[in-house]
Amino acid sequence: MAVLCWLLLLCSCSRAQPLTTASVEQLIGQQDWFTLQKVYEERKDSLSPFTRALAQAFLSSAFNRPEAIDQLTELAQRYPFRLGYENSIDLTLKIALDLHSQHRNREAVAVMRELIAAIRHEIDPETLSYFQRLEKQFARLSGYKLYHIQRPAQDTELPLVTRLLPQDGSAFLFAASLNGTRQQAMLDTGAGANFLSAELAARYPLTVIDDSVRVTGVQTDFGKLVLADSLRIGDILFCNVPFYVMDMSTRHPEADTYLESLDLIIGLPLLLALQEVQLDFRNHRIRFPHQLSERPMPYSNLCIEQGSLLVELSGQGERLVMQLDSGSGLSSLSHNYFWRHQKEIEATGIASDTYIAGIGGIREIPIYYLSDFPFAINGNEKRLSHIVVETEESGVSYEDGMFGADMFSAFGNLTINLKDMFVETEKRAD
């Protein structure tokens, strides 16, 4: 879903535009929430009421603030003529999806029904069918108290296993229990939902919410949306947990070696419910703290955009925005990065090709390897011995690339906080 189409057209500059010259409208158009949060604080008193309301609402949504839905709803109600017809539709859909992400599905149903009634004779059949399917999903889910959580008033800590994968990749695994049966789970911060393989799902009695849903990964595929009665992580118990059930096989032997880790994927919705996860790579532990950490920096360096976590960091001294994706075995720089540095990469990099494995199958793309790549989060610098640069759109890369498992484990500790939206790191003793 696009964010207010006409605003995207306002922007003719890159995300690297200096803070002093970038306007609030341009930053909204670029969806550069990291820069906007700083610029907005400086300039909010000089903004028009509409621009101020627009910035407030989208910043609140990007940084997971509880007031986001009220602000988005007020924006839609107060400024329908400023938004225009198509943008009003996009904004209403965003409100419904945000309500759904907060498990307020009865309210999401009401928003979708009102939207469908208003536009059903004016939109194409495919879009109408998509809206109607969302409404039905929300209606089915509204009968359950999703992610009902029971947890003790203390930290939950488990062994963290780093599984080595082909091409020097890795996956982060820990023990869980699905419907009372012990099962190995994979932490995937890049997954916008929780997933079960079709093989694993066949072993359990699961409530089917939708038997044909479109899921996009490397390619688009179809699966099922189901509910598991329970999921236990250490001494934390969740009831009524949604999962998408997918056939994870690609028929590619090396790729399927990686995908063996994907029987049970813990994605963003569960992490949002837990609010914080700490990865201790020195002692090989994963921790879900009872008392959340305080944000160590004045502004958030983590946001949510279209169901993905984005982290702000630096790489070779350049500001980068990358998808925070522990489910990606290796980090990579995207085609956007390649286009900005093409001459240098072609001169110093090593040309090769690789495959991208994930939901929907595999895709082979031409790449370059860059050696000795420095990167830093909040001033804490580490180096990768090498990093992949994709030369074309892969179907999974986002913004400047993927902050993958090798970047995670370069640090001694890495904390992801989804309440105050930050990533904090500590250096790893080599």
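I looked up burial first: 55% of the 430 residues in the protein chain are buried, where buried means under 20% relative accessible area with a 1.4 Å probe, protein chains only. I note that this is a predicted model, in which local features need pLDDT of at least 70, side-chain atom pairs count only at pLDDT 80 or more, and totals for chains, interfaces and linings use all residues. Residues are numbered from 1 along each chain as its sequence is written, and side-chain values use heavy atoms, with hydrogens and water left out.

I then recorded 15 helices and 22 strands in the protein chain; helices (H or I, at least four residues) and strands (E, at least two) are DSSP runs, numbered from the N terminus.

I next examined helix α4 (residues 49-62) against helix α5 (residues 68-78): the angle is about 145° and the axes lie 8 Å apart. Axes are lines fitted to C-alpha atoms, for helices over the stretch in contact, and angles run from 0 to 180 degrees between N-to-C directions. I listed the residues in contact (heavy atoms within 4.5 Å); in α4 they include Phe50, Leu54 and Phe58, which face a set in α5 that includes Leu72 and Leu75.

I turned to helix α3 (residues 33-43), which packs with α4 at about 130°, the axes being 10 Å apart. That makes α3 oblique to α4, since angles under 35 degrees count as roughly parallel, over 145 as roughly antiparallel, 65 to 115 as roughly perpendicular and the rest as oblique. I found Trp33, Leu36, Gln37 and Tyr40 on the α3 side of this contact, and on the α4 side residues including Arg52 and Leu59.

Methods
Buried < 20%, exposed > 50% of the residue type's maximum accessible area, 1.4 Å probe, protein only.
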